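Morning, everyone. I have one structure to walk through today. Please bring up the model and follow along.

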Amino acid sequence: MLLESLSAYGARDAVARLPDEALHHAKRAVLDWMSALYPGTRISPSRELMAAHADELGQGRCSLPGNGTTAFPATAAWINGSVAHAIEFDDIFRDGAYHPGCPVIAAALALAEHHGAAGRALLNAIVVGYEISTRIAAAVQPSHYRYFHTTGTVGCLGAAAAGAALTAPGKSGPMGHAIATSATFASGLQQAFRSDAMSKALHAGHAAAVGVRAAQGAAHGLTGVPDILEGPVGFGAALAQAPRWDSVLDGLGEHYNITRMTQKNHGCCGHTFAAIDAALALRDTGVRPDRIASIHVATYRAALDVAGNPDPATAFEAKFSLPYVLAHALRHGSVRIAAFDPDALRDAQTRALMRRITLVADDAMTAGFPSMRAARVRIVTDDGVQHEHFAPYRKGDPEAPLSDAELNDKFEELAGPVLGQARARQLRDAVWALESLDVQALRLAADQPTS
């Protein structure tokens with residue numbers, strides 16, 4: 001069965017000396033996750049979750065970074081996973097339409113701190129969670145993404161695999177049972193993307209908490225269904241059309257998907273990125289926003305389904321509005337956290353530019369989804385001249401990855417205002433040395449917002 005092979009791999013790599021490249025990219029993943037986590041502590045649903053679980057805080061050994069306290073493992077994973085997904089700056093596995101960092105790292109960190117693990121054990125667990133879940137995510141696409149949020153569904157399996165690597169390192173039985181148990185709790189509906197509710201961020205936290213509980217239970221003998229993935233009424237049958245299970249084991253343990261992550265360069269929905277990049281390329285050639293007569297955007301259908309909102313009223317809606325983020329990018333040269341401040345959302349010139357944007361689904365780009373994330377932007381200026389740029393992929397994708405230096409800059413930009421720049425730099429350096437430290441050396445429970 002598929003799960004037997006996955007759990008054998010997970011048990012092996014939980015305790016193996018991993019390739020230097022895989023470990024390096026695991027550290028990149030941790031730093032990028034923290035870049036999203038710390039600013040997430042300043043917005044909903046962080047404050048609501050902290051209030052809801054007030055009676056549980058200050059107990060256990062698992063940090064709530066940026067909130068200055070601790071909790072037991074499942075609660076810490078639930079809060080940290082949700083908070084890290086809220087700001088829309090977390091990583092992406094493109095081929096699976098999946099954000100692995102929020103569920104996998106939130107679960108792994110909680111259990112690593114709970115067990116007093118070494119940094120290398122944490123990194124190994126993250127690699128295991130990424131490798132198993134990214135392959136499952138790719139196997140169920142694109143049909144899975146029609147109704148389901150992959151981070152909430154497949155994220156449960158990735159969190160469970162990472163968790164099992166820490167609760168029962170080197171043991172394939174608990175690894176398999178943890179993944180199997182988590183699969184039956186997989187959930188997260190696309191409808192959550194289409195309102196201003198907090199549910200989307202909670203998908204990642206739910207997945208992380210499910211993974212923690214499944215791993216803890218499996219380590220103490222709880223069993224899961226061995227054919228939960230490919231069984232006639234299992235995960236694949238229920239949540240996808242003709243999943244490609246034969247592809248899941250390709251390169252497993254040899255070619256690491258964690259080295260092919262997309263780290264976000266814009267603070268909004270990843271489906272908008274190719275269009276933003278194309279528009280910024282035209283802006284760099286001298287196209288001025290006050291001279292634009294019309295903008296035509298051709299991209300893949302999922303981008304329009306998820307981020308086609310023509311008139312967003314809130315910050316959350318604006319992050320999923322291609323017209324808004326494109327207009328803001330053209331006017332300001334970037335889409336960062338400040339793009340979703342109230343004054344920016346109400347800006348009359350941005351709103352006027354939005355009304356000049358036309359969105360269409362391109363058949364070829366749609367057929368290439370999810371592994372292709374492209375967009376073509378054509379701008380006509382008021383003198384009748386046409387300016388066009390095709391972005392076949394996004395800045396931050398494996399074809400154009402953010403460098404380590406750019407990830408450092410991203411971390412300091414996003415975490416620095418929360419932690420203070422001195423602490424941000426100290427934590428950044430500790431993450432890059434994580435394989436030689438114990439996890440508690442990060443001192444995450446002490447971090448509180450500076451304002």
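For the cut-offs, buried means under 20% relative accessible area, exposed over 50%, and partly exposed in between, with a 1.4 Å probe and protein chains only. Ala106 sits in helix H5, residues 101-115. Helices here are DSSP runs of H or I with at least four residues, strands are runs of E with at least two, and numbering goes from the N terminus. Ala106 and Ile357 are 251 residues apart in sequence and 38 Å apart in space, C-alpha to C-alpha.

Some ground rules. This is a predicted model, so local features need pLDDT of at least 70 and side-chain atom pairs count only at pLDDT 80 or more, while totals for chains, interfaces and linings use all residues. Residues are numbered from 1 along each chain as its sequence is written, and side-chain values use heavy atoms, with hydrogens and water left out.

Now the record. UniProt, in an unreviewed entry, lists residues 5-245 as "domain: MmgE/PrpD N-terminal". That stretch, 5-245, is 60% helix and 2% strand, with its end C-alpha atoms 12 Å apart. The unreviewed entry also lists "domain: MmgE/PrpD C-terminal" for residues 266-434. Over 266-434 we get 48% helix and 15% strand, and the end C-alpha atoms are 27 Å apart. Such annotations may be inferred rather than shown by experiment.

H2 covers residues 20-40, 21 residues in total. From first C-alpha to last, H2 reaches 30 Å, close to the 30 Å expected at 1.5 Å a residue. That expected span is 1.5 Å times one less than the number of residues. H2 is mostly covered, with 18 of its 21 residues buried.

We work on a 1 Å grid over the protein atoms alone. A cavity is a set of points where a 1.4 Å probe fits but cannot get out. A pocket is an open set with protein on both sides within 12 Å along at least five of seven lines. Lining residues have an atom within 4 Å of a point. Volume is the space filled by probe spheres set on the points, which are joined across faces, edges and corners.

The largest pocket holds about 540 Å³. Its lining has 28 residues, and Ile43, Ser44, Ala86, Ala315 and Lys319 lie nearest the centre. H18 gives the most to that lining, with 4 residues.

Where does the largest pocket lie? Domain 1 (2-264 + 405-442) and domain 2 (272-391) both give residues to its lining, so the largest pocket lies between them. Those bounds come from an automatic or database domain assignment.

The second largest pocket has about 230 Å³. Among its lining residues are Tyr145, Arg194, Asp305 and Phe369. Helix H12, residues 301-307, supplies the largest share, 4 residues. Domain 1 and domain 2 both contribute to this lining, so the second largest pocket also lies between them.

Last, the closed space. How many cavities of 30 Å³ or more does the structure hold? It holds 1. The largest cavity has a volume of about 150 Å³. It is lined by 18 residues, with His99, Tyr145, Cys269, Gly270 and His271 nearest its centre. Domain 1 and domain 2 each give at least three residues to the lining of the largest cavity.
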